[in-house]
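Q: Let's go through this model together, one bit at a time. Start wherever you like.

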Amino acid sequence: MTLLENALNSTQADNSAAINQSAANEPKDNTVADNGINLAAIFEPYFRPDENTIVCGTLDDEKVAALAAAGVELVINLQPDDELSFDERAAVERAGMYYEQLPISGVEDLKQLKILAFDNILRQHHGKKIAMHCGSGNRAGAVMALRAGWLRGRKMDTAMERGRSHGLTKLAEEVHNRLLVPR
């Protein structure tokens, strides 16, 4: 059974249990918005900061197919080529989605020019359902926090929370220190 088939089956089983769960204690169920696909069962890590944004780890052909079936229109890859194990661009485009790659190798790439390029990608695809990924979600969270602080003028706590909701973990101290420097 493929990951996609497992996600569809677990969605059917989860639906009856979800009726009895408190909305305050559970994350929002996005399977309706995702064409009945339980993306949380496919991706590890998986972050869902809002209905139109998915943050996940490294992709493969099955995960690309699941994103396409869930209605994702744009995949933003934050991994450099040396971290990829297949032709991700070809797989994403073959699945009918747009593809953007903005390599973030580590802290040395967390510069304002990269964040501006990232912001430009998001602006070009505003309102579309997107999936962004790196190895763990950490770099995705970092660029979202820096975007919120540097480009959107958000306060430190708000920018850091935005980053955490998108997967920011190990780079949190570095991002915090960078946000202290006015841009």
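**Helices, core and sheet**

A: H6 passes H7 in a right-handed crossing. Helices here are DSSP runs of H or I with at least four residues, strands are runs of E with at least two, and both are numbered from the N terminus.

Q: Before we go on, what sort of model is this?
A: A predicted one: local features need pLDDT of at least 70, side-chain atom pairs count only at pLDDT 80 or more, and totals for chains, interfaces and linings use all residues. Numbering starts from 1 along each chain as its sequence is written, and side-chain values use heavy atoms, with hydrogens and water left out.

Q: OK, back to H6 and H7. What's the angle between them?
A: About 145 degrees, with the axes 11 Å apart. Axes are lines fitted to C-alpha atoms, for helices over the stretch in contact, and angles run from 0 to 180 degrees between N-to-C directions.

Q: Which residues meet there?
A: H6 brings Met 156, Ala 159 and Met 160, and H7 brings Ala 172, Val 175, His 176, Leu 179 and Leu 180. Seven residues of that contact are nonpolar, one is polar and none is charged. Contact means heavy atoms within 4.5 Å. For the classes, Ala, Val, Leu, Ile, Met, Phe, Trp, Tyr, Cys and Pro are nonpolar, Asp, Glu, Lys and Arg are charged, and the others, Gly among them, are polar.

Q: What else does Val 175 touch?
A: Leaving out neighbours within four places in sequence, Val 175 is in contact with Leu 110, Ala 142, Ala 145, Leu 146, Met 160 and Leu 168.

Q: And the largest nonpolar core, which members touch the most others?
A: Val 175 again, along with Ile 76, Leu 78, Leu 110, Phe 118 and Met 132, out of 28 residues in that core. A core here is a set of buried Ala, Val, Leu, Ile, Met, Phe, Trp, Tyr and Cys residues joined through side-chain atoms within 4.5 Å. Buried is under 20% relative accessible area, exposed over 50%, partly exposed in between, using a 1.4 Å probe and protein chains only.

Q: New topic. In what order do the strands sit in the sheet?
A: S1-S2-S5-S3-S4, five strands in an open sheet with mixed pairing. S1 (46-50) and S4 (98-101) are at the edges with a single partner strand each, so one side of each has no neighbour in the sheet. Neighbouring strands are turned by 20 degrees against each other on average, ignoring direction. Pairing requires at least two DSSP bridges between two strands.

Q: How do S3 and S4 pair?
A: In the parallel sense, over four bridges, with Ile 76 opposite Glu 100 in S4. On S3, Leu 74 and Ile 76 point one way, Val 75 and Asn 77 point the other, and all are buried.

Q: And S1 with S2?
A: Antiparallel, over three bridges. Asp 50 stands opposite Thr 53 in S2.

Q: What about Glu 44, buried or exposed?
A: Exposed, at 71% relative accessible area. Glu 44 is in the loop between H1 (3-18) and S1, and the peptide bond from Glu 44 to Pro 45 is cis, with omega near 0 degrees. In that loop you'll also find Asn 35, whose phi is near 55 degrees, a positive value in a residue other than glycine.

Q: Last one: how many helices and strands are there?
A: Seven helices and five strands. From the N terminus, the elements run α-β-β-α-β-α-β-α-β-α-α-α. The protein has 183 residues, and 43% of them are buried.

Methods: Left-handed = near helix turned anticlockwise from the far one by under 90°.
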